[in-house]
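Hi everyone, thanks for making time this morning.

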Amino acid sequence: MSEKFDVIVVGAGPSGNAAAYTLAKAGLKVLQLERGEYPGSKNVQGAILYADALERIIPDFRDSAPLERHVIEQRMWVMDERSFVGGHYRSEDFNKEPYNRYTIIRARFDKWFSDQVQKAGALVICEMTVKALLRNEQGHVIGVEVEREDGKIYADAVILADGVNSLVATQGGLRQDIQASNVALAVKEMIFLPRETVEARFNLSGQAGVVIELMGSISEGMVGTGFLYTNKDSLAIGIGCMLSDMKAQRTTPTELLERMKAHPAIAPLIAGGETREYAAHLIPEGGYKALPQLYGDGWLMVGDSAGFVNAVHREGSNLAMTTGRLAAETLIELFQNGNEPSAANLARYKAKLDDSFVMKDLKKYRNITDTLDKQRQFIGDYPNLLNQAAHTFLTVDGQDKQSKEKEIMAAFRERRSLFGLLGDAYRLWRATR
Amino acid sequence: MHIVVCIKQVPDSTHIRVHPVTNTIMRQGVPAIINPYDLFAIEEALRLKDRLGCTVTVITMGPPQAEPALRKALSLGCDDAVLVTDKIFSGADTLATSYVLASAIRMLHKETPVDIVFTGKQTIDGDTAQVGPGIAKRLDMELLTYVSRISQVDLATRRIIVERRAEGGVQVLETRLPALITMLEGSNELRFASTPNMFRAARATVRLWDRTSAGIEDIKLVGLKGSPTVVSRVFGPTPRAEKAKQIPFDPAAPDAAAAALLEQILAESPRVQEELAHRRQPGVRD
């Protein structure tokens, strides 16, 4: 192939689409290559769409994007075997336009997003697996090679948006291969129910939706969380745990999800539904400490391929879109000023990231995974103690309240000791500041 | 030489489910693919192109969503693609479909005379194998079905020799062009598209033909109106609920278990007892 592009974007997920769209909109000659049969065919997410990240790319996305429900209520449940202690936040302010978060079905959303990329003028070709980066004598990236006859394609810059497994980055030595301790394996099901049933069970009307985040006994001692999201006429339910934990405990994700679905607090919510879709995906949760080099001569890395996921807040697609946009904006500025996409010039991308919520949030939570990994009491003991405390306090059995309080405190002290409790409070504070 | 390949976009049968009540195919969310049998037709046309240097046009009748199937065919090396699409075509059976396709091929023939039309042996959703022969009849072309090999195409004498899989053997058939060939599965192996062809397909314009462009003369012969086929009832095979019977087994007394098993069998089918009585031979323990 003799044709040359300004930029080649590898991958058609949220980060690749954000990058390709922004570049094409600015009038650059963009080629986007996707390994799957169609854009989105390899993509999996819960899924929540964070409006802000997309709005900065496509301001009027609400007019045409396939959205399921806007989120008006967030529930956080700390589970024990037969119970949960929870907090809910529901607000009519979330029920006012412009909405802040939406549930989406990625298969539909990704098709829409890719359509926008193509309308903006990028050339999108699927079933093109990039197997290597092309470099010149100086080692600058000058294009990619795909797994097809006559497969060398040239460009001034390459954006790697090929996801958590990023074959290109790994084989090109730009990144380590994924480590089991840095990725979560998440599984989800789409359970279909009549619209009225979804709305009745979650106290909803119109296009409003609910998000439930789950933690505690459901992860069976592993570092991980579960979720349940409401779509128009379906529920997305899933759970993700660190791959190293699953390996150590020899747990299969399917069984883990089945047991979570059977929990007495969850089973009635999904009862009678029909599972029509089952998907699994790796999520890079290594956070700040696991970030690889993010740019070099002629290349930039965005989204999951670089590990841009905020595991604590379950944010990923917004980081993907934002990093994709910032990478694109960096290149646009360089090209407009007639500058080369050299590593020195692309350092601007890192500066933009540092300046954004992406790096600030990742830095804030840089220790959380380590803390949870080493301090398993946060996953097993505390959810159990909290549930027991609630049970003791809410059972009316002739025992006076003060002695109930003493009993609860004794239970905490017995399990964690006074120093342990103070230490845990400090650890949690350290890990999240 | 000009070759036309007729393809159909079908739901991927490995993903479809049947509605438990209506017994109809639930297509929602099922990915669409090129009818697998049609891939052998595309590949055979492309092999003739490689050998003889002809033009290959791929054509389908379907909704606008069928465009990716045509683009896929272009990426493999087909030169031109036509999507015959019009609201009035919906609900067509094989009779109406062959009418529309034959009419469209006639229009293609006006642009460049058509020598061979390829179709797959049948589709995986309808399984009728009627559209190919229907087109041949309407266009008055020679019909070669279940072809496993094209042995020879002589453009000077306009003769073609093919091998056809028939019951009990292979027929070697010779006929004149123009001919319609329905390709048998397994007759060739589909090629992997090259990078330049992937680019060409991504950028190509698929021609959209409505009833006028396709040269439809009588709109009463298309779509639901032109389809005499009536699906009176759809039903799945009745599941046979035969439950296994359990016979308690005591390892200390295998004979008792065997006797109980035999008793069960004979109770279920008395005829077995009669037959066994006839076959009983000396030396065989009762």
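I'll start with the ground rules, then take the domains, the sheet, the helix pairs and a few backbone details.

What you have is a predicted model, in which local features need pLDDT of at least 70 and side-chain atom pairs count only at pLDDT 80 or more, while totals for chains, interfaces and linings use all residues. Residues are numbered from 1 along each chain as its sequence is written, and chains are lettered from A and ligands numbered from 1 in the order in which they are written.

Let's begin with the domains, whose bounds come from an automatic or database domain assignment. In chain A, domain 1 covers 4-66 + 104-176 + 292-355, domain 2 covers 181-284 and domain 3 covers 369-431. Between the C-alpha centres of domain 1 and domain 3 of chain A there are 45 Å. Chain B has domain 1 at 2-221 and domain 2 at 244-286, and their C-alpha centres are 59 Å apart.

How many residues of chain A are in contact with chain B? There are 10, and they touch 9 residues of chain B; contact here means that C-beta atoms, placed from the backbone, lie within 7 Å. The chain A side of this contact has 5 nonpolar, 1 polar and 4 charged residues. For those classes, Ala, Val, Leu, Ile, Met, Phe, Trp, Tyr, Cys and Pro count as nonpolar, Asp, Glu, Lys and Arg as charged, and the others, Gly among them, as polar.

Now to the sheet in chain B. A word on labels: helices (H or I, at least four residues) and strands (E, at least two) are DSSP runs, numbered from the N terminus. In chain B, 9 strands make an open, mixed sheet in the order E11-E10-E9-E12-E8-E1-E6-E7-E13. Its edge strands are E11 (169-176) and E13 (207-209) of chain B, each pairing on one side only; strands pair if DSSP finds at least two bridges between them. From one strand to the next, the twist averages 35°. Within the sheet, E1 (residues 2-6) and E8 (residues 116-120) of chain B run parallel, with 3 bridges, and Ile3(B) sits opposite Ile116(B) of E8(B). Helix H2 (residues 67-76) of chain B packs on the sheet, where it touches E6 (55-61) and E7 (80-84) of chain B, and its direction makes about 165° with that of E7(B).

That brings us to helix pairs. Two packed helices are described by the angle between their axes and the distance between the axes. The axes are lines fitted to C-alpha atoms, for helices over the stretch in contact, and angles run from 0 to 180 degrees between N-to-C directions.

H2(B) also packs with H5 (residues 195-203) of chain B, at about 145° and with the axes 7 Å apart. On the H2(B) side we find Arg71(B), Leu74(B), Ser75(B) and Leu76(B), which meet Asn197(B), Met198(B), Arg200(B) and Ala201(B) of H5(B). That contact has 4 nonpolar, 2 polar and 2 charged residues.

Next, H3 (residues 94-111) and H4 (residues 131-139) of chain B have axes that come within 8 Å and cross at roughly 50°. H3(B) and H4(B) are therefore oblique to each other. On our scale, angles under 35 degrees are roughly parallel, over 145 roughly antiparallel, 65 to 115 roughly perpendicular and the rest oblique.

Over in chain A, H15 (residues 401-416) and H16 (residues 418-431) pack at about 85°, with axes 7 Å apart. That makes H15(A) roughly perpendicular to H16(A). Phe412(A), Arg413(A) and Arg416(A) of H15(A) meet Leu418(A), Gly420(A), Leu421(A) and Asp424(A) of H16(A).

Last, the backbone. Most residues other than glycine have a negative phi, and most peptide bonds are trans. Which peptide bond in chain A is cis, with omega near -5°? That is the bond from Glu97(A) to Pro98(A), and Pro98(A) lies in the loop between E5 (84-90) and E6 (101-103) of chain A. In chain B, the bond from Leu177(B) to Pro178(B) is cis, with omega near 0°. Arg314(A), although not a glycine, has a positive phi of about 55°.

Terms used. Two residues are in contact if their C-beta atoms, placed from the backbone, lie within 7 Å.
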